[in-house]
Amino acid sequence: MLKDKYGKEIEEILSRYPVKRSALIPLLYVAQRDQGYVTESAMHEIAHLLKLTPPQVYETITFYTMFNLKPMGKFHIQVCKSLMCALVGSDTVIEWIKAKLRIAPGESTADGLFSLSVVECLAACGTAPMMQINDDYYEQLTENKLDRILADLRSIGTSPLKSGPFMWPEPLNVER
Amino acid sequence: MPQHELILLKNMMQPGYTGSLADYEKTGGYQALRNTLGKIAPPDVTAMVRKSGLRGRGGAGFPTGVKWGFLPKDYQGPRYLCCNADESEPGTFKDRQLMERDPHQVLEGIVLACYAIGAETAYIYIRGEMVLGSKILEQAIGEARVAGYIGKNILGTGINADVWVHRGAGAYICGEETALLESLEGKRGLPRVKPPFPATHGLYNKPTVVNNVETLANLPHIINRGPEWFAAIGSPPKSTGTRVFCVSGHVKRPGNYEIPMGMTVRELVYEHAGGMRSDKPMKAFIPGGASAPFLTPAHLDVKLDFEHVAAAGSMLGSGGVTVMEEGTSIVWAALRLMEFFYHESCGKCSPCREGSSWLVQTLRRILARRGRMEDLETLSDLCKNIAGRTVCAFGDAAVAPIQSTLKHWRQEYVDLINEAEVANLIRLEPAGRH
């Protein structure tokens, strides 16, 4: 039960809104963090917590692309393919990943480590091509950088190549 | 490079600036709040913003002070402010920088807006993917709460304003203000039929203002330096202040550049963004995000302000400038954007829901060298039946790439279709002649 595990956090989330249903998306995030995807029992529990019917939870969750309804790989790779990224090579990035991990978009590797999705604009067009892996952005991708990121994730579970607080260009570039 | 004063990016351009509360205060941060709360009457703050000429930076460009003025004056119940941080317009990545590098500038703007409109609660609706941004904002809110800039009885004035970060979950349409409100209420993000407008029936049916991140970040500066100062910057009287333009595509130095409105596209692309990345000349550009119609190099001297870009047949939109070099297939580019709109159509209105898929199919057919000349008519016809026939502006945005490329590069479509006819048609003589 989410309530037993995250009782305090759930209470804090509920306190932000005068109407309970507003807490739905935040609570679905809690559920997704717990299992990597939102289980049916979590949906029932959240419906109960917010005094909604299960279909009301289901109609909302199915509208939003960020919620997984089935188990995902430990690292969910999402590559942007919108025009701004495509102009500078996002299709090549997708081909690299497909070849390196031997999976197509929508699939996961057999070891359950990686899932690949091809997605629309993630608001990093100035530092394209880019991808998001779980919560982190990786930008200005090259094949070499991609290899290092995948190796880092396999060995230490995270990568120092992820983006920090965003600014591009850096001040030095502007001063020239 | 021409010299001009930075307003929004000024702090973060300083070496070592971290965006912490201490750093922000050192640059004069929260002075506007100190000088306003309890000292200037809320209607006067609204009047100042109206006088400054500030217009929304999210896309529509509606005058901010006028929007605030629509709230009912005699309404006693709660009011809400929503900060639209759902930055999802392809080509746009400025709000991300404003939030992640200088979060307190945004927060000060939010509290000032709350004060002006009488809201005690503000929600920052940030796009779900920006996890780092939401963490930075939450941390900044925590700092500001401790320092007494946010929360109950701000700076001892008796004024309350609480700010919460609310993450979206991956839907472009939630940047449309009424879809944002639906989403914030825990529902599917379907835009509402207007009227009534959010000013009277917004979040939880209460009077609500929705303002973009960049719009709000301008407020402390307008208060500190006066509306007259702001109104003189840029391209007065209708496009005042600076814009943070996001340059992407085939340029040497893509990125965010803050320039006064009224500068030309040529200056932005060739001086700030370093010009084209290779020796190939420019073929096309989009001046204001994916929803803005394409323009050609003939429009390079168009001034980047609301009126001039509109007069050139496009729109300033969100300030996302995407540049394409010679050799880029225009039909392919239009398809890429159309696929985006097809994916992001919320499905509420039939013309957009059905039409966007037909447009994608038709473009794919033409690109696969299976098009027919009638397809051009089909495309125009579909566009005409989507634009203006939907609940929100998404319909108009979705057809912009096709309508504008058909207008400026019709021959490219025709050439692809001609290739199809040469490749695929087996021309038979009429029967009976052999």
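In this predicted model, 51 residues of chain B are in contact with 39 residues of chain A, where contact means that the C-beta atoms of two residues, placed from the backbone, lie within 7 Å. Among the elements that give two or more residues to this side of chain B are helix H1 (10-13), helix H8 (131-146), strand E7 (242-249) and helix H14 (330-344). Helices (H or I, at least four residues) and strands (E, at least two) are DSSP runs, numbered from the N terminus. H14(B) provides the largest share, six residues.

Residues are numbered from 1 along each chain as its sequence is written, and chains are lettered from A and ligands numbered from 1 in the order in which they are written. Local features need pLDDT of at least 70, side-chain atom pairs count only at pLDDT 80 or more, and totals for chains, interfaces and linings use all residues.

Within chain A, the axes of helix H3 (residues 40-49) and helix H4 (residues 54-61) come within 8 Å and cross at roughly 115°. Axes here are lines fitted to C-alpha atoms, for helices over the stretch in contact, with angles from 0 to 180 degrees between N-to-C directions. H3(A) contributes A:Met43, A:His44, A:Ile46 and A:Ala47 to the contact, and H4(A) contributes A:Pro54, A:Gln56, A:Val57, A:Tyr58 and A:Ile61.

In chain B, 15 of the 15 residues of helix H7 (residues 103-117) are buried, that is, 20 or more other C-beta atoms, placed from the backbone, lie within 10 Å of their own. Just after H7(B), B:Gly118 has a positive phi of about 75°.

Technical notes
Buried ≥ 20, exposed ≤ 12 C-beta atoms within 10 Å, placed from the backbone.
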